Amino acid sequence: MSYPFETVEPKWQRYWEARRTFRTPGPGDPDFDPNKPKYYVLDMFPYPSGAGLHVGHPEGYTATDILARYKRMRGYNVLHPMGWDAFGLPAEQHALKTNTHPRITTEANIATFRRQLKALGFSYDWDREINTTDPAYYRWTQWIFLKLYERGLAYQAEVPVWWCEALGTTLANEEVIDGKSEVGGYPVERRPLRQWMLKITAYAERLLEGLDELDWPESTKEMQRNWIGRSEGADVLFDVAGFPDEQIRVFTTRPDTLFGATYLVLAPEHPLVDTITTDEHRPAVERYRRATAAKSDLERTELQKEKTGVFTGAYAINPVNGEAVPIWVADYVLASYGTGAIMAVPAHDERDYAFARAFNLPIREVVSGGDVSKEAYTGDGILINSSSEDREIPGIAERGFSINGLSVAEAKRKVIAWLEAHGRGEGKVNYKLRDWLFSRQRYWGEPFPIIYVDGQPKPLPEDVLPVTLPDLAEFKPSGTPEGPLANATDWLHTTDPETGKPARRETNTMPQWAGSCWYYLRFIDPHNDERLVDPDKERYWMPVDLYIGGAEHAVLHLLYARFWHKVLYDAGVVATPEPFTRLVHQGLILGEMEYTAYYDGDGHPVSAAFVKEGVHTETGEPVTARKVAEDEVEKRGDGFVLKSHPQVLVDARSHKMSKSRGNVVNPDEVVARYGADALRLYEMFMGPLEQVKPWSMKGVEGVSRFLNRVWRLVTDDTDGLAAAVTDAAPSKEQLRTLHQTIRKVTDDIEGLRFNTAIAAMMEFVNAAMKWEALPKAVVEPFVLLLSPFAPHLAEELWQRLGHAESLAYEPWPAVVEAYLEEEELALAVQVNGKLRATITVPADADKEAILARAKAEDNVRRFLDGKTLRREIYVPGKIVNFVVS
RNA sequence: GGGGGGAUGGCGGAAUUGGUAGACGCAGCGGACUUAAAAUCCGCUGGUUCGCAAGAACCGUGCGGGUUCGAGUCCCGCUCUCCCCA
């Protein structure tokens, strides 16, 4: 008889729900116990897509659920909530196609997700469920925006967006593919639009420093550091020949190379371009600027192999030597980075070098050590060709200066000092991090708490929040760069609550990231309509002790959330400077392993070694891929080959799950076939939590067999217990096995090594199956160990073992060291580091006895006889090694 | 190009500080039960060689070196691969 999950699992889900087993009292609740330690374990809440839950979701969710259940049993107050990040583009795109209100789509999707999550038996406190699209929630998102605005951290700027004339709407980056709209393939262009920006750059330094204390994956911290992109250098001011009122400010990380600057480059959007371009060059510059407008930043900088640019006809004056250098316009310089202008030092910068070569501009070596006739030299060295001490620099200094002979670091310091002394620049720290573009021309997002009175933006007072979304009859674009909210005439035109003047509402909405920036705070106090979060509750529960979610959020979500948290910290709303103490990313789950063979046009098999991107690497002919069954291939050397054509390699790998590939595993089907406990257990048994790993339905069967064995171990065919389960006293061996398991499972849960914890429980069951009697004193602790992993099965067994209450708050089994002691010890015996025998000795045997026993072993003596014994090594409890010659 | 992972049987993986490589599971093979199948239970299962057998030897953690009594683990140099950034 096997574990009847189809009746047991719903039974316990109903039980937990009816008894509110996982309701978590907090400060202020009558049944709250402030003497218990707290543990806040958080999942990245999902976007409820129409596709329903993916097997990737329960991976992290099971891990956190195991921790939550374990910590409860260890006597912690555990906060373990779930909610919905429900604003976003897909629901709006669906609305455009079907004219269904996004709220309806969203509610239906949430209902599916909630049903699916509940069917997996997660111990969430569902009383704390939140939804970012609920006005009672986004009221506080708007409130935080007002705090940002008050603190000067929200401002408006002209920023280019993708505008599609044919669709009459702006598009998000992901809606633009190869310079065309994803929908319809219409042309798009970059067009400046007035938008809200958040000044995250003001927090760049603190966001960088804060990383050091966090228990996060080093790779994620490094990504955030790179994203912030701190660089030290200098701002340098160049005069423009013939324009005494104009100066060009450039940022450089290499002020030491200033004498090697042979031209300047302005971004095409730079405001000075119009002013300084000569009439002769104006038509070419205008043409160039129009061409640039169609390109994304990525195309301008990364994808572009050929450097492009045009000369303006104007010259700048290098402040350190008075030289006139030509000013060019080129799109490899971005208006948004630094000052939108650079000094080009082709001898010591790769991109400048490529540009100078393409346009035949001079290359002047100023740092020795490389060969600048071949390539740019970016390494350290001694400064050369860098002196103006023999002459006057008109308008700047009577005498120039020299940095010849200095190292790069010394030269940097001296140049910065000179620039500062002569008012031509200063040392500066620059960040790659840009301010956060915080508005979208969309309907399904948080409205801004902003109105325009006499054309000027004005924040609404807190007491009129939330500004709710109007109901629209249809979700068509407005036909202008404004979003669909511009169509909601009744909503759009309002009055200023302070002055009674007519006002117009902001038609932008906030981006999807907004709601997820602070949701972990709302879980602490989800129904508070006076405050975002009660300070006592916040101080008790924060920070989040463990946060598990995908690595795809390593930068944006986690950086934005940290930014808001620091702002709220400064505003006195929260008491901790960082929100997430410990962060773990679950690894991607790939589809089942697939074998793919390739065939040419004539149907002959082609070895995978000759196939790249669907094309034969030698003939250039396209090949067709065909899936082959596992029994048609075999391992040969490093790869797999077709059994029928052993010289033909096939691709053997798992692919990311995708609809188009048809390898998506639906958790509902797994639950229907094997039960929720089996799904949970399998997802944890696959391998280390953080690792990428392929799905295997056979593996699910394996863990399901294990659960069935546990079931048969404890129960009989009726609704009672197996005959072997008794009240008898356990044997020494049984206690040792149990306590070894307790120790292993406890340590492994603490270290998030769920795969090896499960292996240990499997070993326990393998041993227990052989025992004639199974004392309750042994089986009950085991059921408790299993309960965080397979809670439904464990609750059912616990009940059958005679307990009236849920095991959710039973104390976690404790290891008794005395039970772990072995009477005998197995030792490996090596001769010259090679294993020759294993011996069994009494646990209390001394070194001499052990060495004598080891030498007595036949197979050891064979290797010692006739040799000189040089050394005897004994590592207690582990190994004996005789070194002979 | 830069940064960060990773590479262990047919497959997923284990080996917590340098100490018996391959735990646990899958797949495979053999057996028991069964009219039969499924389920279940028992046994074997890295490779090669020797041996009737018990057993033994050699090789083996991507490749090449090194340190050490002893290296999957530490050091140096490579190859391949995944992720992120550019």
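Let me begin with a definition: a residue counts as buried when its relative accessible area is under 20%, as exposed when it is over 50%, and as partly exposed in between, with a 1.4 Å probe and the protein chains only as cover. By that rule L752 is buried, with a relative accessible area of 9%.

A word on what we are looking at. This is a predicted model, in which local features need a pLDDT of at least 70 and side-chain atom pairs count only at pLDDT 80 or more, while totals for chains, interfaces and linings use all residues. Residues are numbered from 1 along each chain as its sequence is written, chains are lettered from A and ligands numbered from 1 in the order in which they are written, and side-chain values use heavy atoms, with hydrogens and water left out.

Chain A as a whole, then. Of its 885 residues, 52% count as buried, and its C-alpha atoms fill a box of roughly 100 × 90 × 70 Å along the principal axes. The chain exposes about 39,600 Å², of which carbon and sulfur atoms supply 50%; these areas come from the Shrake-Rupley method with a 1.4 Å probe. If we take contact to mean heavy atoms within 4.5 Å, then among the contacts in chain A with a separation of 6 or more, 70% are between residues 24 or more positions apart. Chain A has 27 helices and 39 strands, where helices (H or I, at least four residues) and strands (E, at least two) are DSSP runs numbered from the N terminus.

Let me turn to helix packing. Two packed helices are described by the angle between their axes and the distance between the axes. Here the axes are lines fitted to C-alpha atoms, for helices over the stretch in contact, and the angles run from 0 to 180 degrees between N-to-C directions. Helix α2, residues 56–73, and helix α19, residues 676–685, have axes that come within 9 Å and cross at roughly 100°, which makes α2 roughly perpendicular to α19. For that wording, angles under 35 degrees count as roughly parallel, over 145 as roughly antiparallel, 65 to 115 as roughly perpendicular and the rest as oblique. On the α2 side the contact involves P58, E59, T62, A63, D65, I66 and R69, and these meet L679, R680, E683 and M684 in α19. Those residues divide into five nonpolar, one polar and five charged, given that Ala, Val, Leu, Ile, Met, Phe, Trp, Tyr, Cys and Pro count as nonpolar, Asp, Glu, Lys and Arg as charged, and the others, Gly among them, as polar. Helix α19 is itself mostly covered, with nine of its 10 residues buried, including D677, R680 and E683.

The second pair is α20, residues 697–714, with α24, residues 791–800, which pack at an angle of about 5° with their axes 11 Å apart, and that makes α20 roughly parallel to α24. In this contact L707, V710, W711 and V714 of α20 meet L793, E796, L797 and R800 of α24, a set that divides into six nonpolar, no polar and two charged.

Now the strands, where two strands pair if DSSP finds at least two bridges between them. One open sheet has four strands in the order β19-β18-β21-β20, with antiparallel pairing. Strands β19 (456–459) and β20 (493–495) stand at the edges, each with a single partner strand, so one side of each has no neighbour in the sheet. The twist averages 45° from one strand to the next. Four bridges join β18, residues 450–453, to β19, and Y452 stands opposite P457.

Towards the end of the numbering, β39 (879–884) pairs with β36 (824–831) in the parallel sense over four bridges, with N881 as the bridge partner of Q830. Strand β38 (869–875) is joined to β39 by six bridges and runs antiparallel to it, with F882 as the bridge partner of E872. In the hairpin of β38 and β39, which has three residues between the strands, G877 takes a positive phi near 80°.

Last, the backbone. Most residues other than glycine have a negative phi, and most peptide bonds are trans. L752, with which I began, has a positive phi of about 55° although it is not a glycine, and is found in the loop between α21 (732–750) and α22 (754–768). N385 also has a positive phi, near 50°, but at 47% relative accessibility N385 counts as partly exposed. As for cis peptide bonds, one joins L465 and P466, with omega about 0°, and another runs from M542 to P543, with omega near 0°.
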